Structure formats: structure tokens, C-alpha cells
Amino acid sequence: MVDVLLGLQWGDEGKGKIVDYFAGRYDVIARFQGGPNAGHTLYVNGQKVVLRTIPSGVFHDKTINLIGNGVVLDPVAFKKESEDIAALGIDLTKNLFIAEKTHIIVPTHRALDKASEISKGHDKIGSTLKGIGPAYMDKTGRNGLRVGDVISADFKTLYEKLKQKHLQMLSQYNVEGLDADIEAWEKEFFEAIPFLQQMNIVSGEYFLNEKLKAGKKVLAEGAQGSMLDVDFGTYPFVTSSNTISAGVCTGLGIAPQWIKEVIGVTKAYCTRVGSGPFPTELHDETGEQLRAAGHEFGAVTGRPRRCGWIDLVALNYTCMLSGVTQLVMTKSDVLDEFDEVLACTAYDINGQQTKQLPFQLNGLEVKPVWESFKGWSDKTATCKQFNELPSEMKTFVEAVDNYLGVPVKYVSNGPGRDQILER
């Protein structure tokens, strides 16, 4: 069977550590969507490692890792990431496979991303400028290059055809300096292509279905968060792929009947990077305190994250969309220093309370309806069992559990591999 692990908020929920925690129980870890804007942070032998495209099971010797066709891959970023992992003694030729239908980010995708974002002015969506949106646009527009194309004899011809199309599009923008960017990026790109060509490139759908029929256990690893889903997130401030569990089938080429558990990951509070609505955001000292205590800065971009209390309305929505069967609550220890902890249980919009997400959050004045919980002064990072946690924290966890109707099975109380408590 296939279990799915995905983030339920706006990303940055700590999925990388959780995948790493579960990885030993699975034969295959597969990424099914997203690109190198994802940043999954792990601590391996005390050393911080940020994975962008490569699945988080790569540090487990007996685990096979697959980059699925729903991912968009930047050869330059992939080569750099692979070299960083190899420096830690990991041989990726043994346990990493790439689906041949995975789409490729080319240098002009990055230029289009940059030009588009600059042209939006104050209406920027907060793109990471890594070319991901334009790569997905080419995929749906039936123009894209795929990993299988890099081992084709006419790859250069295919590349030039796509490049010319992009240059025509770029001529519509009045943005200076992009020619120099493309030239520098293109040099790196063609230096990375031979590296990509020597990787294990496979038919992802046959590869994975054969594993399933052989009785292997698969964990599908999501990137970004459910509230960034291109269909169901806070549009247009979303990513370019389906981040909910439905994306697993199209992103890996498997049928729905294979999916068993859907493990949702949420922080004990809430964060967001970039633009877009965020109903529980705190613009005060408490928000700053959350950011400092949680070290809330982007793993890839370094951007400070916007911080707020947990949003149970949004969480209930994303649990519903993905059919979440169990929850992991991360960064619970960050709340240790607060005398009071809040949770949003409804939205007040124009004087009317609702527990449903409206069609368009952007532009609405949403007032969170809060439920207050007594804080705890104990430091929880040293706890080894769930029962050791302060009663106030257990009350908070149980309230989340009851509101969502989904059991919180695990509580993460620190960044270390061993800092996770099974309930």
C-alpha cells in the first residue's frame, strides 16, 4: 500500500524530519509534486541538511527513493543537492531513481518567473523565482521538456525550440538584465545535464506499480502545504501543483485503491512565507516571539516567515480535502514559553461566524474567533514519552484532536530525530 505524508498548512510544517522518522518503515519514498522551492530540513548526525528535490528517505540505506513525474526538476539545483548529499557519504546511484516523465526547469523558465513577478509590482504573489510556475505552465501547455528527453539525441534541438518560444514571451516584458541572467544560468544548465544523464532514469509509473505488486510499502512525500494547492489553496497566492493527497495518483502514476493512511503534518501554531491571506497572523510582539522561538526563516530562501496561532478552520478544511487519517503536530516545544496559547475555531466575516473557508480569502476582513488555553512553563524538549508532557499541553493537543475529528498520533518536541513522541 501507499501511505501519504503531506503538510496541512502553508508549508514549512517540518515534513522532512517526519518523513525521515517514518522512512525506516517503508521500502520506497516518493516525491509526487513541487520543485526546488521546497526545503525539507533534516538533522543527520547533528548536521543540518536541507533537501529540495530529493526525497527525505535518502539517508536510509535500505530505502529506495523516487522523484515522481509530478515534480519539476532543475538540473542545476539537483546536481548541487546531490553533491552535498554525496559529501555526507551517500551513494545516490544506489537508491535514487527519477521518473522519465518528470518535467525540467530550464534557464528561461527562471527568467520568465523573474520578469512576471517584477511586472506585478505591488500584486506580487511571493514567487521564489526558481522557474517553477513557468515550468508547470509549459507542462499544461504541452511545450515542456522532460527528464527522458535529456537522453534523446535531439535534446539540444528540443531545448532551443523551447528557448526561442520563451524569448518571444520575454520580449513582452520591460525588464532589464535578463539576457545576462539567461547566459549565466544556461552555462550552469548544460554543465549539469551530463550529471542528470548518468542518474537512474526510469518509467516511474511501471517502476512504482511493480514495487506495489511485489508487496513493497511506499510513502508518498508531499512538498509545500495543502493551503498552497493550485485548486483549493488561497488562490492566486498558491503554488503551481496539487499539494493535497489527490496529487499522489497523477504525480506518481498509481491508482487511488493503493492509498491507505494519509498522515497530515501541522505545526502547533501557524506560519506562512510570501504574500497572501493569513487569518491568524500576528503583527505584534507575540508574532515576533513565535518567529524567534521557532527560528522561522525559510530553509531555501532565508525569508522570515509570517507567524500566528494555529488555524483550526483551515486545518479542518485541509483534513477534509485529503482524507487525513492521522496527525503529526510539530514544533510543540516552541509554545513552552507562552503564558497563553490561542487557537482559531471560527472566522468572523462581516459579523457572521463561519467554520468554512470562503471562496476568496484575499481582500476579506477576517476576524479569528479564539479559544484560549493555559500555557505551560515546563520545558518539553527533554520529554521522551507523551505522558511526560505537561497537562496543559496535553489539553491543547486533545482540543485539536477533538475539533478536527482526526487523532493526533505524534507530537514533535524538537528538531532532533529522536524528539518525537508517539501518543
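**Domains 1 and 3 of a predicted model**

Q: How far apart do the C-alpha centres of domain 1 and domain 3 lie?
A: This is a predicted model, in which local features need pLDDT of at least 70 and side-chain atom pairs count only at pLDDT 80 or more, while totals for chains, interfaces and linings use all residues. Residues are numbered from 1 along each chain as its sequence is written, and side-chain values use heavy atoms, with hydrogens and water left out. The domain assignment, from an automatic or database source, gives domain 1 as 2-102 + 199-263 and domain 3 as 266-422. Between the C-alpha centres of these two domains the distance is 24 Å.

Q: How much area do domain 1 and domain 3 bury between them?
A: Buried area is the accessible area (1.4 Å probe) that two parts lose on being put together, summed over both. Of the area buried here, 59% is on carbon and sulfur atoms. Leu8, Trp10 and Lys17 supply 22% of what domain 1 buries against domain 3, more than any other three residues. The area that the two domains bury between them is about 3200 Å².

Q: Which side chain meets that of Asp12 in a salt bridge?
A: A salt bridge is a side-chain nitrogen of Lys or Arg within 4 Å of a carboxyl oxygen of Asp or Glu. The count between domain 1 and domain 3 is one salt bridge. At 3.4 Å, N to O, the side chain that meets Asp12 in a salt bridge is that of Arg305.
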